[in-house]
Amino acid sequence: MPENEGENEDEDLAQENYSDFTIFISDSNGSSGLVIEATTMDTEVAFNNVLVTDDIKKMRSIPRFERSLGEYIGPDFTTLDERIQTSMTEYLEGYGVNEHLGAFIECMSLDKD
């Protein structure tokens, strides 16, 4: 095993461009809705969890890391039935959650770093 093989793996991870973000979709009253935890990597958006809530304002006020500790954030998205995953992905694409948004988030996160 070459001595610098582990260093190359660390460099590859550092070069990968990813950002975690949260999507809030509320009903017309703004009281209930969906909270989706997502990650974008190389402009591809991956959904991690989907939470249905009756108090979207409360969810917005809780920081993302604290939300995952104090609230049930829903099942892991990849464990859902494939048809549900496809339907949810298509639904979110209707709101503009796609590779273009992923690229925008990645660019903004690099700018804000």
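Student: How many residues sit between β1 and β2 in the hairpin?
Tutor: Six residues lie between β1 and β2, and G30 in that turn has a positive phi of about 75 degrees. Strands here are DSSP E runs of at least two residues, and helices are H or I runs of at least four, numbered from the N terminus. Before we go on: this is a predicted model, where local features need pLDDT of at least 70 and side-chain atom pairs count only at pLDDT 80 or more, while totals for chains, interfaces and linings use all residues. Residues are numbered from 1 along each chain as its sequence is written, and side-chain values use heavy atoms, with hydrogens and water left out.

Student: OK. In which sense do β1 and β2 pair, and over how many bridges?
Tutor: Antiparallel, over nine bridges, with β1 covering residues 18-26 and β2 residues 33-41. Strands count as paired if DSSP finds at least two bridges between them. One example is S19, whose bridge partner in β2 is T40.

Student: Which residues of β1 are on the covered face?
Tutor: S19, F21, I23 and I25. The uncovered face has Y18, D20, T22, F24 and S26.

Student: Now T39. Is it buried or exposed?
Tutor: T39, in strand β2, is buried because its relative accessibility is 16%. Buried means under 20% relative accessible area, exposed over 50%, and partly exposed in between, with a 1.4 Å probe and protein chains only.

Student: And which side chains does T39 make polar contacts with?
Tutor: D20 at 2.7 Å and N48 at 2.9 Å. A polar contact is a pair of N or O atoms within 3.5 Å; within protein, one must be able to donate a hydrogen and the other to accept it, and residues adjacent in sequence count only if both atoms are side-chain atoms.

Student: Switching topic: how many aromatic pairs are there?
Tutor: Two. F47 and F77 are edge-to-face, 5.5 Å centre to centre with 70 degrees between the planes. That pair links distant parts of the chain: F47 is in β3, F77 is in the loop between α3 and α4, and they are 30 residues apart. Both F47 and F77 are buried.

Student: What about Y91 and Y95?
Tutor: Also edge-to-face, at 5.2 Å and 70 degrees. Phe, Tyr and Trp rings (six-membered ring for Trp) pair if their centres lie within 6.5 Å; planes under 30 degrees apart are stacked, over 60 edge-to-face, the rest tilted. Y91 is partly exposed, because its relative accessible area is 39%.
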